[in-house]
Amino acid sequence: MMDPTTDNAGPAGNPGAARASLESLRAEIAKAVVGQDPAVTGLVVALLCRGHVLLEGVPGVAKTLLVRALASALELDTKRIQFTPDLMPSDVTGSLVYDTRSAEFRFQPGPVFTNLLLADEINRTPPKTQSSLLEAMEERQVTVDGTARPLPDPFLVAATQNPVEYEGTYPLPEAQLDRFLLKLTIPLPSRQDEIDVLTRHAEGFNPRDLHAAGLRPVANAADLEAARAAVAKTTISPEITAYVVDICRATRESPSLTLGVSPRGATALLATSRAWAWLTGRDYVIPDDVKALALPTLRHRVQLRPEAEMEGVTADSVINAILAHVPVPR
């Protein structure tokens, strides 16, 4: 998905060096995960935009391994929460516990206090527990007993859900879906990729030991911060801004949708297009950048009409039709 950069790597913190480091993530993560370049790119785009990602795929397509490999390659802390029907909000955010030595209550941080939080099967927990992530995702802090506690930076929630098993699940409300910058679909591997996976396992690959697989840090938080500063300077012309608005407004007028993209979604599409433009080596955004990020940025922000869904229409097909009809700026 990403094109190799032609920038020369400079000293640490230099935007060119940061781009080269982030570009090398693909090759490094490929030591553990086979054939998921678009998902790797999406996660990097989300980190650049300070956003969060919803990963959708059937069990066994390496969603957990992907997040662990990304954290290892970026030297970031990661934690995993298995969302279940009996999970409580305090199991996510942390709580006050009584310290018998000091005879006082102290705050015990929950797993949300990390850089990359893997929220596994997020739709298996009730809305009360799902909502415990809302403040963390939006405000990057957790409030317990009236005290706001900031989360580490960078902070990214990578939530997973199974697209085929809905029994005993609690669908994410639109307000929470809108908090995710991207929704990435993790497909089943191609035949050759699956052969490569099995060959690696036959040769002794252990997905629980990434160090033994040869995975090494190739970038860090400083590279990420330099990259974010460079992305913020990427030029967006008025024509591109109008193009993004026209795409999002077209979703609100589509006869196949009951819910179109909100202004928050339009802002998200502009941000992801900007990050993608920078990753591909440009300091300005072109219409192809917007098209490249439209599906993952918008597919979870629209709602199909029941009759359209019965006819086999999907969110992706609606967005693709809109992209084909909205005039492209020259």
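Residues are numbered from 1 along each chain as its sequence is written, and side-chain values use heavy atoms, with hydrogens and water left out. Because the model is predicted, local features need pLDDT of at least 70 and side-chain atom pairs count only at pLDDT 80 or more, whereas totals for chains, interfaces and linings use all residues.

Helices (H or I, at least four residues) and strands (E, at least two) are DSSP runs, numbered from the N terminus. Helix α1 (residues 15-23) packs against helix α10 (residues 221-232) at an angle of about 115 degrees, and their axes are 8 Å apart. The axes here are lines fitted to C-alpha atoms, for helices over the stretch in contact, and angles run from 0 to 180 degrees between N-to-C directions. This angle makes α1 roughly perpendicular to α10; angles of 65 to 115 degrees carry that label, while those under 35 are roughly parallel, those over 145 roughly antiparallel and the rest oblique. The crossing of α1 and α10 is left-handed, a term for a near helix turned anticlockwise from the far one by less than a right angle, with right-handed used if it is clockwise. On the α1 side, the contact (heavy atoms within 4.5 Å) is made by Pro-15, Ala-18, Ser-21 and Leu-22. Helix α10 contributes Asp-223, Leu-224, Ala-226, Ala-227 and Ala-230. By class, the contact of α1 with α10 has 7 nonpolar, 1 polar and 1 charged residues. In this scheme Ala, Val, Leu, Ile, Met, Phe, Trp, Tyr, Cys and Pro count as nonpolar, Asp, Glu, Lys and Arg as charged, and the others, Gly among them, as polar.

Helix α1 is also mostly covered, with 7 of its 9 residues buried. Buried means under 20% relative accessible area, exposed means over 50%, and partly exposed lies in between (1.4 Å probe, protein chains only). The buried residues of α1 are Gly-16, Ala-17, Ala-18, Arg-19, Ser-21, Leu-22 and Glu-23. Their cover includes α2 (25-29), α3 (37-48), α10 and α12.

From α11, the residues in contact are Ile-240, Thr-241, Val-244, Cys-248 and Arg-252, and from α12 they are Pro-263, Ala-266, Leu-269 and Leu-270. The contact of α11 with α12 divides into 7 nonpolar, 1 polar and 1 charged residues. Leu-269 is also touched by Thr-297, a residue of helix α13 (residues 287-298). Thr-297 counts as buried, at 0% relative accessibility. Leaving aside residues up to four places away in sequence, Thr-297 touches Leu-181, Leu-182, Gly-265, Ala-268, Leu-269 and Thr-272.

Turning to the aromatic residues, a search of the whole structure finds 2 aromatic pairs. Rings of Phe, Tyr and Trp (its six-membered ring) pair if their centres lie within 6.5 Å; planes under 30 degrees apart count as stacked, over 60 as edge-to-face and the rest as tilted. Tyr-98 and Phe-105 form an edge-to-face pair, with ring centres 5.3 Å apart and planes at 65 degrees. Tyr-98 is partly exposed at 47% relative accessibility, and Phe-105 is exposed at 59%. Phe-105 is found in strand β4 (residues 104-109) and touches Leu-96, Val-97 and Tyr-98, residues up to four places away in sequence not being counted. The pair of Phe-107 and Phe-113 is edge-to-face as well, with ring centres 5.8 Å apart and planes at 70 degrees. Phe-107 is buried at 16% relative accessible area, and Phe-113 is buried at 17%.

Finally, some loops hold backbone features to look out for. A cis peptide bond joins Asp-153 and Pro-154, with omega about 5 degrees; Pro-154 lies in the loop between β7 (147-150) and β8 (156-161). Ala-62, although not a glycine, has a positive phi of about 75 degrees. Ala-62 sits in the loop between β1 (53-56) and α4 (63-73) and is partly exposed at 28%. Glu-121 likewise has a positive phi, near 50 degrees, and lies in the loop between β5 (116-120) and α6 (127-130). At 23% relative accessibility, Glu-121 is partly exposed.
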